[in-house]
Amino acid sequence: MVKKKCFFGIKTDRQVDGDKMNAKLSQEVLAQGGENAAINACMQCGTCSGGCPNAERMDLLPRSLVLMVQRGEWEKVLKSQTLWLCSSCHTCTSRCPRGVRPTDVIEAVKAIAIREGIKNDSVRFNQIFVELIEKRGILFEPELMLKYGGLKALVDQAELGIKLTLKGKLSPFPPKVKEPKKFSEALTKAVKK
Amino acid sequence: MKYSYYPGCSLHSSAKEFDISTKVVMKELEIELEELQDWSCCGGSIAGGVDHNIGMALAARNVVLAQNQNQDLLAACSGCYNKSAKAAQALENEQERAKITSILTDMGMSVSNQKIKVRNVVDVLVNDLDIAPKIKKPLTGLKVACYYGCLLTRPADITGWDSPVFPMSLDKLAQKCGAEVVDFRSKTKCCGGPILVPQEEVAFEMTKKLLDEAKSLGADCIILACPLCSNNLELRQPDIEKKYNVNYNLPILYITELIGLALGIKPRKLGLDKHLVSTKPVLAKVS
Amino acid sequence: MNKNIVVIGGGVAGMAAAGKLREFGYEVTLIEKEKELGGNVKNWYKVFPDFTDAAEIINKLKGELKGIRVINNATVTQINGVAPNFEVITSTGEKIDAASILVATGFKPFNAALKEEYGYGIYNNSITSIELDAMLKQHQVQTASGKPPQKIAMIHCVGSRDQQVNNNYCSRVCCTNTVKVAIEIKEQIPDCEIYCLYMDIRVFGRGYEELYRTSQEKFGVQFIRGRLSEAGEKTDGSLLLRLEDTLTAKPMRLTVDMLVLMVGMVGNTELAEIADLKVGCDRFYTTAHEQYSNNNSEKKGIFLAGTATGPKAIMESITDGRSAAAEIAAFLHSFTLENMSCDLSFRQPFASMIAGGNQFCNTPPQPSPY
């Protein structure tokens, strides 16, 4: 949020401008995540935040995140660290008394954040992960580590890599689906839609 | 009973022993597994957060492959199981089905109306089979902490065969194997798996809590069914030990390895030698 | 014994009681101060939680009044005698004998003008839930300038839970009513945004919570947790609301085209002196016991029903009226017993419920007057 100063020097984000509330973001989330990302039923009870294993690290608690989505606070939501601290453990989703699925809501918001150009390590990791799967259909972990962390990661993880290789768990040949080209093209096309 | 067996990415790499032990144990229990032809990654907890439709299509692809083979899909990995079950549910939803079908059609696949079930190895082991009569070598004296993590039993409207809060399936299986089960309160607390790489510090802290509790309960090992959890708990155990200056040396075993031992199968045949945290203390206790 | 029973108040509780007493075989006189039966409910449109037409409820209850004498445009000015030989004198000068009296005089809507900071009676677009209901009935929800509103704020707890207006109680029905009218507005003006400003959501009855959820899930009604502090009028007639958005712990300003004040219920105690009835600190009639004698007043032979004894939903008022009918029937039955004596052990629950002990046995046995 832009910290504009108003007449009396009060920063605007210190108060809620109710007139800016709109349903655009929640509609966007619904379009991205489907019915499972519906949040209208939320009654702000906070069961989700209460059970969240990472709540104490979040700038927006899951409950607040849902509220901000409802009110159309794009910037607050998309810039929130909450998106990247969610470990998709589904504790909130399995407890919500109104059937809201914060895990699915956050998943949809993450996708919107990535599309809107939010950049951070988590985004980069997730994007590389998906790119690699799109490429061959099956994940090849050394490639993921190299692409994400560069040579440094390979060096840092060298010991683990060697151990895994010795145990016969790391093949030098990346596995792939039968028709990677077709597989890849179909997914790329879907993203472009 | 014959299943389309879906190993997923991890079981062919870092969780090879889960793959090996699942196949051996299921054979011993007369369950036929036919590896799902041309399976692909389920997208895990990550793909959907980049694009919902990509995530759904990735997971649904394996379900559709199994549908086309007219066999129930059996996944060992909790993540693969959860995402496949979610995709199977999505295929029942008109809106989602249309989006998935469009992508899979582009891959040259046909989406049928064949109804199949998506099952997890633990579900089958505990609910369909009775392993008790087949136990040849009870694991008397072995203390285990059963860890379920998130995706095996949550959310219940996707899984549904055990409690999302206090599940007992693994505990029951371990007990049937003759092991002593400790009262592991954190059995469904998240290990931080999906955020391990970009949020390493946070994930380490989450995993540490689990190791701490298991250790304080005097468990000889942790039993689980998720390669991602194992990645945190076992492969990164030395890193956590180093970071917090603690010493766990706690073996992490897949449930199928534990059952295999109780069925009298040789440890090497179950892949117990493939662990990075040595399983020797466990073997010493049960032999 | 005179078998006539006087029911004062022809709202839903009074009608329900009168109908049931008639069914039991009593003679009933129903006194209504207005020219039509139906009390507050007769003015309303649809009622929660199932959107039954208010007129349907009135018609149903009216249909049960066959053989009952209804006196309209009359109030009670005097009550003489004791049970079971009361004499009720009306404003029309009529004297009616009564074995028992039921007071079902209902409530008055809270006067929203008392909450000056909400601008009722000052700002054209600050209206009450009663006025909104009338608009909904006409399918003409519009602002003072005749346009359909695009943004409406509904204020819960107006005149309830508020020491400033001397009403500390919860009016119980306003939350569910808010949810109901919000849905109705959405049905009539789908693109109108509705914000409900609440402290707590108290939707307690069967089907009420479900209605609340439906308003959110299906109609997108938004709930903002915070009590309106003040409304100000802008030059275009819209209203600027100031409140705390307590969910984010920040002050909030919100502009709306229309402000709907969900007014609570205020006790109607016009008969307190005439019928010698006690009034609680909430200004509703006091019952003989809050738990197990909610239809008895402390005065023998005078019974209470409906919102005269505190805020109730329509369904509760009807049930309460019928419950009072049963109490009256049991009370009158005791006078028909051959040997009226102190031995009322078979009716112990009734006897012991009277505050101050068993009033039948406080006096020496009297020969039965019948």
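The model is predicted: local features need pLDDT of at least 70, side-chain atom pairs count only at pLDDT 80 or more, and totals for chains, interfaces and linings use all residues. Residues are numbered from 1 along each chain as its sequence is written, while chains are lettered from A and ligands numbered from 1 in the order in which they are written.

Chain A meets chain C through 14 residues, which are in contact with 15 residues of chain C (two residues are in contact if their C-beta atoms, placed from the backbone, lie within 7 Å). On the chain A side, strand 1 (16-17) and helix 3 (62-71) each supply at least two residues; helix 3 of chain A gives the most, with three residues. Helices (H or I, at least four residues) and strands (E, at least two) are DSSP runs, numbered from the N terminus.

Strand 1 of chain A runs parallel to strand 17 (residues 250-256) of chain C, and two bridges join them; strands pair if DSSP finds at least two bridges between them. A:Val16 has C:Met252 as its bridge partner in strand 17 of chain C.

Chain B consists of domain 1 (2-121) and domain 2 (130-286), with bounds from an automatic or database domain assignment. Their C-alpha centres lie 24 Å apart. Contacts link 26 residues of domain 1 of chain B with 28 residues of domain 2 of chain B. Helix 2 of chain B provides the largest share of the domain 1 side, nine residues.

The table gives the residue classes of two of these sides.
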